[in-house]
Amino acid sequence: MDLKDRNNINVMGDGPATLIFSHGFGCDQTMWRYLSGLFADHFRVVAYDLVGAGRSDIGAYDWTKYDSLAGYAQDLNEIIDQFAVGPVILVGHSVSAMIGALTDRQVPGRVAAHIMVGPSPCYVDSDDYVGGFTLEDIQSLLDSLDDNYLGWSSNMAPVIMGAPGQPELGAELTNSFCRTDPEIAKHFARVTFMSDNRADVAGLATPTLILQSTDDLIAPVMVGEYLRNTMPNSTLVLVDNVGHCPHMSAPGACANAMDIFLQPWKSLDAQR
């Protein structure tokens, strides 16, 4: 199958290193539009849709393959092989941050760095870990999705987005949720919110920038602190923002933090 069609891959810019932007649940690559173009002068920039989202090939959705995040990581490694040049930096929002970690684990040494926006390795609280939700919370969320996906989307998308001063962003996320095939969305939600990737991030030594909103219902600051303490070469930057999508509601702060983090690879362009 042609990967470009399968994942609606778009490439722009030119540079000796590659940034690959991967979106979160209910979203598509257009959610990166405030950031991706800013780096095209110095990097090869690749944006794509997860299979089942956006303008990807819905016919490629394999219920068995995508019954775990490992299937999406396999796709991302294929995209890296075919579309990346030089060092590869993965920019992943929410669940795609963990897809990026799995991609790294699958092919050690292929990923040069991660930028994780609103990441969470596990959403469920346990005795020694705070993910932000009880198991009952998650089950209730999934039950609501099963009962009335469109109603859930209309109610929850603005809450997930936050950004109280930018209601148009909440409306955009609502529309994005509602465009997603409901059965695929329900399946992906269960895979996302029931996943536990703590073992995958533990000790992951790849340089990582963690961008966490100061007020995020889905991935609270404690989760960012956990990742910083678990990943030895990670840096946590708190973005003054309400909501789970700071790359949309606070893109300037995200861009500034990314630019500082990316200097070692940005300098490669000046050396050409």
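Start at phenylalanine 133, in the loop between strand 5 (113–117) and helix 4 (135–147). On naming: helices (H or I, at least four residues) and strands (E, at least two) are DSSP runs, numbered from the N terminus.

Before I go on, the ground rules. This is a predicted model: local features need pLDDT of at least 70, side-chain atom pairs count only at pLDDT 80 or more, and totals for chains, interfaces and linings use all residues. Residues are numbered from 1 along each chain as its sequence is written, and side-chain values use heavy atoms, with hydrogens and water left out.

Back to phenylalanine 133. Is it buried or exposed? Its relative accessible area is 11%, so phenylalanine 133 is buried. Buried here means under 20% relative accessible area, with exposed over 50% and partly exposed in between (1.4 Å probe, protein chains only). What does phenylalanine 133 touch? Leaving out residues up to four places away in sequence, the list is Tyr123, Val124, Asp125, Ile138, Leu217 and Ile218. Contact means heavy atoms within 4.5 Å. From phenylalanine 133 to methionine 98 is 35 residues in sequence, and 18 Å in space, C-alpha to C-alpha.

Next, threonine 18. It sits in strand 2 (residues 18–22). Its relative accessibility is 0%, so threonine 18 counts as buried. Its side chain reaches the backbone oxygen of valine 85 at 2.7 Å. Beyond four places in sequence, threonine 18 touches Arg44, Val46, Ala84, Val85, Pro87, Val88 and Ile89.

Now glutamate 172, in helix 6 (residues 167–179). With residues up to four places away in sequence not counted, glutamate 172 touches Met31, Arg33 and Met248. Proline 158 is 14 residues from glutamate 172 in sequence and 8.8 Å away in space, C-alpha to C-alpha.

Two backbone points. Most residues other than glycine have a negative phi. Asparagine 8 has a positive one, near 50°. It lies in the loop between helix 1 (3–6) and strand 1 (10–12), and at 18% relative accessibility asparagine 8 counts as buried. Alanine 163 also has a positive phi, about 45°. Its loop runs between helix 5 (149–161) and helix 6. Alanine 163 is buried, at 7% relative accessible area.

On to helix pairs. Two packed helices are described by the angle between their axes and the distance between the axes. Axes are lines fitted to C-alpha atoms, for helices over the stretch in contact, and angles run from 0 to 180 degrees between N-to-C directions.

Take helix 2 (residues 69–83) and helix 3 (residues 95–106). Their axes come within 8 Å and cross at roughly 65°. Helix 2 and helix 3 are therefore roughly perpendicular. The classes: under 35 degrees is roughly parallel, over 145 roughly antiparallel, 65 to 115 roughly perpendicular, and the rest oblique. Among the contact residues are Leu69, Tyr72 and Ile80 of helix 2 and Val95, Met98 and Gln106 of helix 3.

Last pair: helix 11 (residues 251–261) and helix 12 (residues 263–270). The axes come within 5 Å and cross at roughly 70°. Helix 11 and helix 12 are therefore also roughly perpendicular to each other. Asp259, Ile260 and Phe261 of helix 11 meet Gln263, Pro264, Trp265 and Lys266 of helix 12.

Methods
A polar contact is a pair of N or O atoms within 3.5 Å; within protein, one must be able to donate a hydrogen and the other to accept it, and residues adjacent in sequence count only if both atoms are side-chain atoms.
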